[in-house]
Amino acid sequence: MSRPVRIANCSGFYGDRLAAAREMVEGGPIDVLTGDYLAELTMLILWKARRKDPSAGYAKTFLGQLEEVLGTCLDRGIRIVSNAGGLNPPGLAAEIAALAGRLGLHPKIACVDGDDLVDRLGELQAAGHDLAHLDTGRKLAEAGVTPVTANAYLGGWGIAQALAADADVVVTGRVTDASLVVGPAAWWHGWAPTDFDAIAGAMAAGHVIECGPQATGGNYAFFEEITDRRYPGFPIAEVEADGSSVITKHDDTGGLVSVGTVTAQLLYEIAEPAYAGPDAVAHFDTVRLDQAGPDRVRISGTRGSPPSDRLKVALNHDGGYRNTMTLVLTGTRIEEKAAWAEQQLFELLGGKEQFAEVDVTLLRFDHPDAPANAEATAHLRVTVKDPDRAKVGRRFSNTTMELALGGYPGFHTTTPPSAESGFGVYWPALVPAAEVRHRVTLPDGTRRVIPHAPSGPAPTPPPSAAAETRVPGGPTRRVPLGEVAGARSGDKGGNANVGFWTRTDEEYGWLRHYLDEARFRALLPEAAALEIRRFELPNLRAVNFVVVGLLGAGVAASVRPDPQAKGLGEYLRSRVVDVPDEICRSDRSRS
């Protein structure tokens with residue numbers, strides 16, 4: 001099959017647009033329909049569902065989408081590949097078979113599993129694998145916790161074998177997001193496990209389309225460039241035999257596919273440019289992007305190298321219970337009112353020390369002499385956590401209401417008293433790949449163990465081309481950073497990443513020179529005491545920052561108002577900096 005394989009995405013997360021599967025199947029020709037449903041938080045959600053119903057543990061919305069498109073896909077020869085299996089791929093495969101029977105259809109179904117290690121953690125630790133936290137280095141045994149989920153990130157070769165066995169539908173557990181593209185592309189083009197450049201190219205394409213319409217104009221910093229404001233069409237990757245690809249979308253759909261929208265998604269939730277996966281390491285600083293036509297962006301030049309001999313494992317453990325109440329402060333002397341409220345509340349509760357963790361944050365939205373009441377308010381956000389649900393339940397939230405008539409003037413809250421809720425804690429670790437059995441169950445019931453990709457030493461980073469960029473100088477003006485740079489931000493466990501990019505070489509010459517670690521830290525005061533890692537990607541005119549620990553123990557445990565750092569990039573773009581007049585042309589679109 002020498003032509004490119006057209007791989008369409010219909011889901012970026014569990015809860016994404018339900019109509020997307022039908023729209024992708026009916027909107028134009030495709031060869032493979034994929035859907036990404038899993039994230040670190042999703043595994044915890046699926047565990048809670050399975051605790052209530054042992055037959056659950058998969059993304060149930062996928063079944064509803066499948067009901068709408070399965071018949072059409074079989075008629076047109078469209079293969080379906082999804083990680084909706086979550087914690088129970090065989091259970092989802094059985095449900096698909098039952099659904100097909102009710103529809104009078106007969107698809108060939110395969111499933112990929114072997115990622116679930118939760119029942120083997122004791123065995124692994126006894127064998128000397130300490131499952132140390134990737135950011136803190138703390139060994140799992142030292143934490144005194146019992147994980148409820150533990151899933152290794154598998155590659156795409158189980159998917160490829162299932163498709164080679166003529167599977168119409170392939171459901172998986174925790175494969176990497178990019179594996180949903182790598183597997184079909186490897187099957188289609190007949191790649192070998194050592195075709196690292198081709199695999200890396202597919203990884204780049206998979207990373208771009210994994211989050212659905214974020215690649216086609218969604219969450220895009222320079223949104224004034226998007227003239228079609230309809231909901232964006234979901235993305236398609238046309239992957240070629242050498243791993244190069246074109247990112248596009250169906251005709252007559254909303255949004256935009258541009259070098260900028262693809263750049264933004266390439267920078268989403270990454271760390272160093274050497275993007276590690278179980279099948280290869282894709283060097284994102286070798287990626288080249290070109291506008292190949294309206295809503296068509298070509299990705300080429302991606303270099304790959306052998307993967308590590310270890311696999312990442314996402315663990316989650318029960319963190320206990322939490323509760324939050326938000327007190328509204330109005331008018332003048334906000335800080336005095338906040339201090340008084342905090343003092344009174346914890347005196348009534350018997351002291352902060354009785355809770356395992358307390359976070360009190362004053363959020364300032366108020367303006368002097370505000371023209372409206374709401375614009376004169378600030379929020380005091382109080383969160384308590386503890387293994388004992390009674391401590392942080394209604395006892396806590398009801399007590400806040402005791403300040404209503406005996407506290408600071410103007411007291412009120414954003415919500416009535418609330419009950420406690422459980423939360424989980426994310427723990428990333430590594431295990432030897434040899435300890436994980438990557439399995440595929442083929443449509444005829446045959447089970448195969450998939451060999452892991454041949455590993456190699458950590459690659460030497462290629463020399464940076466950034467030294468050749470000219471640094472604009474001359475007079476400057478004070479403008480928001482977003483005047484020059486776009487940004488895309490997100491979470492990787494407890495860390496946040498922010499990738500900045502520019503649209504011209506001159507802007508990038510200024511950005512990479514100006515935005516060093518010290519200036520980034522000054523723009524983000526809450527990161528003052530945290531480790532910051534900085535990486536340059538000259539081919540993308542981009543600089544990426546990782547803020548270690550900004551999100552605490554991950555999204556489920558974070559007390560930040562923006563626990564996944566989705567708005568962090570836009571906040572930093574709003575910060576005012578000194579930009580040379582030379583790159584602040586008057587005809588530039590304001591952002």
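Predicted model: local features only at pLDDT ≥ 70, side-chain atom pairs only at ≥ 80, totals over all residues.

Trainee: What is the phi of Asp-166?

Mentor: The general idea is that most residues other than glycine have a negative phi. Asp-166 has a positive value, near 75 degrees, and is not a glycine. Its relative accessibility is 33%, so Asp-166 counts as partly exposed.

Trainee: Which other residue has a positive phi although it is not a glycine?

Mentor: Asp-295 does, with a phi of about 55 degrees. This residue lies in the loop between strand 11 and strand 12. Asp-295 is also partly exposed, because its relative accessible area is 24%.

Trainee: How is the overall fold to be described, and what radius of gyration does the protein have?

Mentor: One sets the radius of gyration against the value for a compact globule. For 591 residues that value would be near 25 Å, and the protein has 25 Å, so the two agree. The C-alpha trace spans about 75 × 60 × 50 Å along its principal axes. The secondary structure comprises 16 helices and 26 strands. Of the contacts between residues at least 6 apart in sequence, 75% join residues at least 24 apart.

Trainee: What percentage of the residues is buried?

Mentor: Buried residues account for 55% of the 591 residues. In helix 8 (residues 179–189), eleven of eleven residues are buried, including Trp-187, Trp-188 and His-189. The buried residues of this helix pack against several elements, among them strand 1 (5–9), strand 3 (79–82), helix 7 (157–164) and helix 9 (196–209).

Trainee: How many residues of helix 10 are buried, and what covers them?

Mentor: Helix 10 (residues 259–266) has seven of its eight residues buried, among them Val-262, Ala-264 and Leu-266. The cover includes helix 9, strand 8 (245–249), strand 12 (296–300) and strand 23.

Trainee: Which residues touch the most other members of the largest nonpolar core?

Mentor: In general, nonpolar side chains tend to be buried together in soluble globular proteins. The largest core here has 80 residues, and those touching the most other members are Trp-191, Val-239, Ile-247, Val-262, Leu-266 and Phe-284. Helix 9 gives the largest share of this core, ten residues. A second, separate core has 31 residues, including Ala-59, Leu-63, Leu-66 and Ile-78.

Trainee: What does Ile-247 touch, if residues up to four places away in sequence are not counted?

Mentor: The neighbours of Ile-247 include Ala-205, Val-208, Ile-236, Val-262 and Val-297. Asp-295, the residue with positive phi discussed above, is one of the residues that Ile-247 touches.

Trainee: How many disulfides does the structure contain?

Mentor: A disulfide is a covalent bond between the sulfur atoms of two cysteines. The count here is zero. Consider Cys-10: the closest cysteine sulfur, in Cys-73, is 9.0 Å from its own, which is too far for a bond. Both residues are covered: Cys-10 is buried at a relative accessible area of 3%, and Cys-73 counts as buried at 1%.

Trainee: How many aromatic pairs are there, and how is one read?

Mentor: There are twelve aromatic pairs. One of them joins Phe-500 and Phe-520, with centres 6.4 Å apart and planes at 80 degrees, and is edge-to-face. The pair links distant parts of the chain, since Phe-500 belongs to strand 23 (residues 495–501) and Phe-520 to helix 15 (residues 517–523), 20 residues apart. Both phenylalanines, Phe-500 and Phe-520, are buried. Elsewhere, ring pairs link Tyr-220, Phe-222 and Trp-501 into a cluster.

Trainee: Which charged ends sit over the rings of Phe-222 and Phe-423?

Mentor: Over the ring of Phe-222, a member of that cluster, sits the charged end of Arg-503, 3.6 Å from the ring centre. Over the ring of Phe-423 sits the charged end of Lys-385, at 4.8 Å from the centre.

Key:
Residues numbered from 1 in each chain as written. Heavy atoms only, no water. Phe/Tyr/Trp six-rings, centres within 6.5 Å; stacked < 30°, edge-to-face > 60°. Helix = DSSP H or I, 4+ residues; strand = E, 2+ residues; numbered from the N terminus. Buried < 20%, exposed > 50% of the residue type's maximum accessible area, 1.4 Å probe, protein only. Lys NZ or Arg CZ within 6 Å of the ring centre and 35° of its normal. Contact = heavy atoms within 4.5 Å. Core = buried A, V, L, I, M, F, W, Y, C linked by side-chain atoms within 4.5 Å. Disulfide = S-S within 2.5 Å. Rg over C-alpha atoms; globule rule 2.2 N^0.38 Å.
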